[in-house]
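Let's take a look at a protein chain together. Have the sequence and the 3D view ready.

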Amino acid sequence: KNSRGGKKILEKKDTYIGASGVVSSYGYIFGDCDVYPLVVCDLDMNNEAERVQKIKEAYSQSTLLKRFGKVKVMFAINEIESWYMAGLSQEAEELKDSKKTSLQKMKNAGTDIVVDPKEALYLCFNEKWVQSDFEVVQVVNQTFDTNQAKQYSVSFQIFHEWLNERGFLG
């Protein structure tokens, strides 16, 4: 249905082999503390237990299992792009002027209920400036407002609270 994205990347051991060095660095920096990978992904109407199992199988085939022993998997209620939409600033110059009102309406209704948030997000951008997933993430990263995202996405708010309760946020 949607030609964009890489949903299967979290089910490949190479993903976790690449992440191993990053997570190891944090373990080295912070010493003897509970460091482990946190995988945040879309549920995509799949069976949650099945998706977690596939991710953990790929994880177990990587060096991360030996190093850290565990992985935590969390899901966005809809697609992760619903979080991007929720926190995206209306002031981003890459947005089409004609779509700013539509974006705000989707936010007001709650981005967790947008039927195809990835496609809706792409339609908001001017194609001359944003043509790939990487470019979308760059724009979102530059303009993301956490408080706004919590306001417009219940699942992002829950995720943010989960991180905060565990001391991951300042």
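Here is a short tour, from the overall layout to a group of aromatic rings.

This is a predicted model, where local features need pLDDT of at least 70, side-chain atom pairs count only at pLDDT 80 or more, and totals for chains, interfaces and linings use all residues. Residues are numbered from 1 along each chain as its sequence is written, and side-chain values use heavy atoms, leaving out hydrogens and water.

The chain has nine helices and two strands (DSSP runs: H or I of at least four residues for helices, E of at least two for strands, numbered from the N terminus). Of its 170 residues, 42% are buried (under 20% relative accessible area; over 50% is exposed, in between is partly exposed, with a 1.4 Å probe and protein chains only).

How confident is the predictor? The mean pLDDT (confidence per residue, from 0 to 100) is 77 for the chain. Helix H1 (residues 13-30) scores lowest with a mean of 60, and helix H8 (residues 146-152) highest with 94.

Now the rings. There are four aromatic pairs (Phe, Tyr or Trp rings, using the six-membered ring of Trp, with centres within 6.5 Å; planes under 30 degrees apart are stacked, over 60 edge-to-face, the rest tilted). Two of the pairs look like this:

| Pair | Centre to centre | Angle of planes | Type |
|---|---|---|---|
| Trp 83 and Phe 156 | 5.4 Å | 75° | edge-to-face |
| Phe 144 and Phe 156 | 5.6 Å | 70° | edge-to-face |

Trp 83 sits in helix H4 and Phe 156 in helix H9, 73 residues apart. Trp 83 is buried because its relative accessibility is 5%, and Phe 156 is buried at 8%. Phe 144, at 28%, is partly exposed. Trp 83, Phe 144, Phe 156 and Phe 159 form one aromatic cluster.

Note on methods: pLDDT is the predictor's confidence in each residue, from 0 to 100.
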